[in-house]
Amino acid sequence: MYAFNYHKPATVADAAALASQHADGKLLAGGMTLLPTMKQRLAQPSDIIDMGKLNDLKGIEVKDGVVTIKAMTRHVTVATSAEVRKAIPALAELAGGIGDPAVRNRGTIGGSVANNDPAADYPAACLALGATIHTNKRAIAADDFFTGLFETALGEGEIITSISFPAPDKANYQKFRNPASRYAIVGVFVAKKGGDVRVAVTGAGDSGVFRQKDFEAALKANFAVAALDGKHQPEKGLNSDIHADAEYRAHLIGVMAKRAVAAAK
Amino acid sequence: MPKVSMTVNGKPVSGDVDSRTLLVQFLRETLRLTGTHVGCDTSQCGCCVVHVDGDAVKSCTALALSLEGADVRTIEGLANGDKLHPMQEAFRENHGLQCGFCTPGMIMTAVELVSRKGHTLDEKTIREELEGNLCRCTGYHNIVKAIAAGATAMGAKA
């Protein structure tokens with residue numbers, strides 16, 4: 001790891017000020033991605049702004065059919081929250097499938113969403129559920145938030161404070177995971193709310209998470225596994241790597257989408 | 001250098017550390033508690049699992065400075081003098097180790113698992129919960145048996 005200056009602010013405002021002041025600094029949430037990246041010397045932040053003391057960024061609230069999860073809430077808390085499990089079971093299940101138990105004890109939803117790893121799970125939930133990402137400055141619709149590989153709409157000194165998810169009528173997330181890293185090779189989140197259906201795909205796209213609008217249209221007409229028969233995800237724009245080539249990923253997107261529709265509740 | 005203070009195995013400890021110091025380095029190099037192992041150093045293998053405020057975490061992937069004021073428990077903090085913790089005893093009884101390198105992490109993970117899921121653990125649950133702990137010798141069979149037995153023994157003790 002390269003050397004850095006360490007800060008542990010007590011308020012979101014102080015954290016934002018530090019982040020603005022140190023353009024080459026990084027915010028540290030659970031550290032489950034940032035610390036390994038720094039250990040491999042793939043990142044060299046001048047300053048680390050540790051958000052561990054920002055206790056008002058922890059917690060879950062369910063109100064008027066909207067689940068709001070504060071940014072520093074750990075995956076284990078979401079996975080085991082009776083309220084989340086009741087309002088959006090697919091979201092609790094997704095959180096319980098991230099990494100392994102020790103990773104879920106440290107990793108946070110805000111860290112995952114801000115990092116926008118193309119194989120992370122939460123970005124798919126945000127897009128499919130039509131979440132709103134709240135920051136210290138504004139509210140951003142998930143559709144406008146994820147802008148590319150590890151890229152988001154967040155500006156300098158902007159910190160995610162919470163994410164709110166409107167509860168759908170039905171939803172499910174299916175992940176075909178890499179057994180070593182536990183990241184998604186392909187993950188598909190399907191959500192139905194009223195007449196609207198949204199299908200978000202993670203792990204596969206060469207610019208990160210995306211919506212599969214062709215599948216969405218078919219499922220809007222008929223929310224059933226059979227509606228996806230004959231629907232095919234094009235290979236163009238999908239990743240090929242040692243884990244899976246684009247052709248295989250395209251196939252998996254169809255399979256995972258069908259499984260998610262079948263399991264949606 | 002910044003100073004960090006925490007409680008380790010019930011004792012207050014502190015030390016001057018470089019900001020880069022990982023919890024596992026603080027434990028092994030500053031405190032000389034070398035029971036916590038570094039296997040992969042990439043948060044995959046779980047040899048470095050310790051408890052932080054009761055939660056199992058990978059100590060190779062946490063900054064010591066982040067854990068200012070935390071309550072940390074390592075494998076050295078389990079036994080009561082010469083008397084092994086019931087989970088340690090179960091690993092010995094069930095031959096839940098061969099080379100022993102992963103054992104401290106396995107045992108710390110197992111003890112936390114019992115604190116969350118109770119004393120009656122089926123094989124499926126144990127295997128799922130061991131997702132983040134790798135053993136390259138045993139094929140896991142005896143580790144799973146040991147954890148089931150250790151969980152029961154921990155209940156009997158309480």
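This is a predicted model: local features need pLDDT of at least 70, side-chain atom pairs count only at pLDDT 80 or more; totals for chains, interfaces and linings use all residues.
Reader: What makes Arg74(A) and Asp55(B) a salt bridge?

Author: The term calls for a side-chain nitrogen of Lys or Arg within 4 Å of a carboxyl oxygen of Asp or Glu. Residues are numbered from 1 along each chain as its sequence is written, while chains are lettered from A and ligands numbered from 1 in the order in which they are written.

Reader: Thanks! How many salt bridges and how many polar contacts does the rule find across the interface of chain A and chain B?

Author: The rule finds five salt bridges across that interface. It also finds 14 residue pairs in polar contact, both residues being at pLDDT 80 or more. A polar contact is a pair of N or O atoms within 3.5 Å; within protein, one must be able to donate a hydrogen and the other to accept it, and residues adjacent in sequence count only if both atoms are side-chain atoms.

Reader: Which elements of chain A supply the side that touches chain B?

Author: Helix H2 (34-39), strand E3 (47-50) and helix H6 (101-104) of chain A each supply at least two residues. H2(A) gives the most, with three residues. Helices (H or I, at least four residues) and strands (E, at least two) are DSSP runs, numbered from the N terminus. By type, this side of chain A divides into 13 nonpolar, four polar and eight charged residues. Here Ala, Val, Leu, Ile, Met, Phe, Trp, Tyr, Cys and Pro count as nonpolar, Asp, Glu, Lys and Arg as charged, and the others, Gly among them, as polar.

Reader: How do you know what area is buried between chain A and chain B?

Author: Buried area is the accessible area (1.4 Å probe) that two parts lose on being put together, summed over both. For chain A and chain B it is about 2000 Å², and carbon and sulfur atoms give 55% of it. The contact takes 25 residues from chain A and 23 from chain B, where contact means heavy atoms within 4.5 Å.

Reader: And how do the two domains of chain A meet?

Author: Domain 1 covers 5-50 and domain 2 covers 62-263; the bounds come from an automatic or database domain assignment. Their C-alpha centres lie 25 Å apart, and 11 residues of domain 1 are in contact with 14 residues of domain 2. The area buried between them is about 920 Å², with 70% from carbon and sulfur atoms. Helix H1 (residues 12-21) of chain A gives the most to the domain 1 side, with five residues. That side divides into eight nonpolar, three polar and no charged residues.

Reader: Why is Asn172(A) called buried?

Author: Buried means under 20% relative accessible area, exposed over 50%, and partly exposed in between (1.4 Å probe, protein chains only). Asn172(A) has 5%, so it counts as buried. Asn172(A) lies in strand E11 (residues 170-177) of chain A, and a polar contact of 2.8 Å joins its side chain to that of Gln174(A). Leaving aside neighbours within four places in sequence, the contacts of Asn172(A) include Ala90(A), Glu93(A), Phe189(A) and Arg259(A).

Reader: What makes Glu129(B) and Arg116(B) a pair that ties parts of chain B together?

Author: Their closest N and O atoms are 2.7 Å apart in a salt bridge. Glu129(B) lies in helix H4 (residues 123-129) and Arg116(B) in helix H3 (residues 103-117), so the pair ties together parts 13 residues apart in sequence. Glu129(B) is buried at 8%, whereas Arg116(B) is partly exposed at 38%.

Reader: Where does Lys117(B) come in?

Author: Its side chain meets that of Glu129(B) in a salt bridge of 3.1 Å, N to O. Lys117(B) lies in helix H3 of chain B and Glu129(B) in helix H4, so this pair ties together parts 12 residues apart in sequence. With 44% relative accessibility, Lys117(B) is partly exposed.

Key: Side-chain values use heavy atoms; hydrogens and water are left out.
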